[in-house]
Amino acid sequence: MRQSMPLATLLLAATASAQAPTIVGIATVTDGDTLQIRGTKIRLFGIDAPESSQTCTRNGQTYGCGRESANQLAALIAGKNVSCFQKDIDRYSRMVAVCRVGNTDLNRLLVERGLALPYIEYGGGIYADAHRQAVQQGRGLHAGAYQLPWNYRKDPNTPPTNGTAQLQPAKPAATPRPAPTPKSAAAAPTPASSTVYYANCSAARAAGTAPLRRGQPGYRPALDRDGDGVACE
């Protein structure tokens, strides 16, 4: 006798089939977690890939893990229609979406292959199982050492980690309260902060400071064309 599908399964299937993609088309790759379809920038929901300028180590060798993630994503979507289902809009006015090629969830596949990490702070907990699988099988980033992308953006010199690392972005350490200044002591003058300014990326590269990251001297939004926090990539 043929068994009928559980009601919950039928409801989930009906919901999925009723949801139409927000945008469909041939996509280009900006970096390992960002696409563009017909001029619309799309940030892949719940994941974070290494930055384009980021390097990692594998078998004792340094390699461009940011470029590898972007290249692998480009190979996955080459010449194919990509369907993206919007979840949100981020602070850079990019669509945040789950994107698919056919029935393949690109967000999940990138985590399964170790090309991106679950971004727990932004809903990435749904990819925690895919992350565990990638760690266990030593795929992609997990075959060596790497910096968590959100830590790399704050400080490119943060120490490398591995797949067992805590994925939740670390909270900034509390700033210790300064010791009270004796009443008789005069307050030391505050030195004037220096300002570094580059007219364009050519000037930054000529000075040997490119790429510039948000918070570093010389960084300004006008040089950061894709709004990812890294100027003059």
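## Surface and overall composition

Accessible areas are derived by the Shrake-Rupley method with a 1.4 Å probe, and for residues only the protein chains shown count as cover. On this basis the protein chain exposes about 13900 Å², of which carbon and sulfur atoms supply 53%. The structure is a predicted model, in which local features need pLDDT of at least 70 and side-chain atom pairs count only at pLDDT 80 or more, while totals for chains, interfaces and linings use all residues. Residues are numbered from 1 along each chain as its sequence is written, and side-chain values use heavy atoms, with hydrogens and water left out.

The protein chain contains six helices and 14 strands; these are DSSP runs numbered from the N terminus (helices: H or I, at least four residues; strands: E, at least two). Of its 233 residues, 39% are buried, where buried denotes under 20% relative accessible area, exposed over 50%, and partly exposed in between (1.4 Å probe, protein chains only). Among contacts (heavy atoms within 4.5 Å) with a separation of 6 or more, 50% are made by residues 24 or more positions apart.

## Nonpolar cores

A nonpolar core is a set of buried Ala, Val, Leu, Ile, Met, Phe, Trp, Tyr and Cys residues joined through side-chain atoms within 4.5 Å. The largest one has 28 residues, and L35, I42, I77, V82, C84, C99 and L110 have the most contacts inside it. At least two residues of this core come from each of β3 (34-37), β4 (40-44), α2 (65-77), β8 (81-89), β9 (95-101) and α3 (106-112). Strand β9 provides the largest share, six residues. Another core, of nine residues, lies apart from it and includes C56, Y63, L117 and L148.

## Disulfides

Two disulfides are found in a search of the whole structure, the criterion being a pair of cysteine sulfur atoms within 2.5 Å. C84 is joined to C99 with an S to S distance of 2.1 Å. This pair links distant parts of the chain, with C84 in strand β8 and C99 in strand β9, 15 residues apart. The link is right-handed, with 110° about the S-S bond, and both C84 and C99 are buried.

The other disulfide is formed by C56 and C65, whose sulfur atoms are 2.1 Å apart. The link of C56 and C65 is right-handed, with 65° about the S-S bond. C56 counts as buried because its relative accessibility is 2%; C65 is buried, with a relative accessible area of 1%.

## Surroundings of V29

V29 belongs to strand β2 (residues 28-31) and, at 25% relative accessibility, counts as partly exposed. Not counting residues up to four places away in sequence, V29 touches T34, L35, A70, L73, A74 and I77.
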